[in-house]
Amino acid sequence: MMTAVLSAVREQQSLLAGLMLIGLGMATGLHTATAQPLATDALRNLKAPAGLQIERFSDVSAWGMPRMLALDPQGQLLVSLADTGRILRLDQTGHAEVIAQGLNAPQGLTLLGKDLLVAEQTGVVKLPWQDSHWGPPQPFIRHLPSGGHPLKTVKVSPDGYVFVNVGSSCNVCVEDNPLRATLLRFTADGRPAGTLVTLGWHAQSAVWATGLRNTQGFTWHPQTGALFATNNGADNRSSQAHGAVDDDLPPEHLNQIEGGKSYGWPYCWGDPAQPGKLFADPNMPGAAGTCQQSQAPALLLPAHSTPIGITFLQHSQLPAEMREDAIVALHGSWNRKQPSGYALLRVQFRNQQPVATVPFIEGWLQDNQAWGRPVDVIVGTDGWLYVSDDLTGWIYRIREKTL
């Protein structure tokens, strides 16, 4: 059974690669092919904590491959489909309706009041709430750099600011554009609101934090309001100058983001041998003191596991001992000899700080072949956890096990 499932997934992986080239490269918003269906028997390979079960809530592969998740004003699930330029809304049964299409590789979704903000490759658009539906998209934030790591996430902070990530243009390089490899902050009407306040003729910058190679997932601690973000480290690195590539370097990061700070890329990464410190990349040296002046990660995550979505569990119905913690979606590696990721991690918090990770859901990786790739996680209004998967095209629900 598993061999057949993996065979079907290999076909789907090839097809998905073609779809992403069409959807992201040309940004046509057209869905030109449909992924091969995957048997629900594959769910048997997923291992959930005792007392919980994971199930397929919805299959949206006919519309595209799901990325980020949000909740609408009625608490229904919203799903972005970057490859086909669509936004879906799912009802309580998992039935999908298209609420927007023709967008430019939409990924991040968030509500600003009742309006819907959507992060595209080159900016953010706003869909204004009109009576009982959203109107056509309107420009909100323009002229963000694309290419490289083009997909963007947008979220509204507890104090009403709009945050947007911009990934790097490369694996390791010195960027020409100061907006690259950053987290940006804007006001609720779309004006730049970075940490450096400018006067006179100088335009206000939106840059909030730098040195972030690709920070697609971020959220705020429900009690302290601290901003925590996942970050994807560079590929093909070594701990020695001109040394062999080490698959275990660099570790991925969970960062606590503070305005005005740099988080190391492209010169430094979290040091596995000295937690709380940064290691200087011997093949990409920065100026003296760069790594000492940059902010070390709050927690290290498995190398090349590609952490993306993150959500806290405070308002979930999951077991009480988990509700101080967060869940991170590991999308999975692409060039390791031994693949990593393809799982959900539980980040344990103590005294409102991350202290360790433990497995939460595993099993999307079988015999070194992935049949699923988690992207985002969110707690629904029903208190259960929802997960998007852009390889199967499924949305999962994790809830209390039923007899």
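**A tour of the pockets, cavities and disulfides**

Start at the second largest pocket, which has a volume of about 710 Å³. To centre the view there, select Leu71, Lys155, Thr219, Thr311 and Ile378, the closest to the pocket's centre of the 23 residues that line it. Keep in mind throughout that this is a predicted model.

S2, strand S6 (109-112), S12, strand S16 (218-220), strand S22 (307-312) and strand S28 (374-379) each supply at least two residues of the lining. Colour S28 separately: with four residues, S28 gives the largest share of the lining of the second largest pocket. Colouring the lining of this pocket by residue class gives 14 nonpolar, seven polar and two charged residues.

**The enclosed spaces**

Now turn to the cavities. How many cavities of 30 Å³ or more are there? The count comes to two.

By class, the lining of the second largest cavity has four nonpolar, two polar and two charged residues.

Move on to the largest cavity, which holds about 120 Å³ of space. Which residues lie nearest its centre? Select Gly233, Ala234, Trp265, Cys268 and Trp269, which lie nearest the centre among the 16 lining residues. Then show strand S18 (252-257) and strand S19 (268-270), each of which supplies at least two residues of the lining of the largest cavity. The lining of the largest cavity divides into eight nonpolar, five polar and three charged residues.

Cys268 and Cys291 form a disulfide, with their sulfur atoms 2.1 Å apart. This pair links distant parts of the chain: Cys268 is in strand S19 and Cys291 in helix H2 (residues 290-293), 23 residues apart. The torsion about the S-S bond of Cys268 and Cys291 is about -95°, so this disulfide is left-handed. Are the two cysteines buried or exposed? Cys268 has a relative accessible area of 6% and is therefore buried; Cys291 is buried as well, at 11%.

In all, the structure has two disulfides. For the other, select Cys170 and Cys173, which are joined with an S to S distance of 2.0 Å. The S-S torsion of Cys170 and Cys173 is about -85°, so this disulfide is left-handed too. The cut-off for buried is under 20% relative accessible area. Cys170, with a relative accessible area of 18%, is therefore buried, and Cys173, at 19%, is also buried.

To finish, show the bonded cysteines together. Numbered in sequence order along the chain, they pair 1-2, 3-4.

Notes. Residues are numbered from 1 along each chain as its sequence is written. This is a predicted model: local features need pLDDT of at least 70, side-chain atom pairs count only at pLDDT 80 or more; totals for chains, interfaces and linings use all residues. Side-chain values use heavy atoms; hydrogens and water are left out. On a 1 Å grid over the protein atoms alone, a cavity is a set of points where a 1.4 Å probe fits but cannot get out, and a pocket is an open set with protein on both sides within 12 Å along at least five of seven lines; lining residues have an atom within 4 Å of a point. Grid points are joined across faces, edges and corners, and a volume is the space filled by probe spheres set on the points. Ala, Val, Leu, Ile, Met, Phe, Trp, Tyr, Cys and Pro count as nonpolar, Asp, Glu, Lys and Arg as charged, and the others, Gly among them, as polar. A disulfide is a pair of cysteine sulfur atoms within 2.5 Å. Buried means under 20% relative accessible area, exposed over 50%, partly exposed in between (1.4 Å probe, protein chains only).
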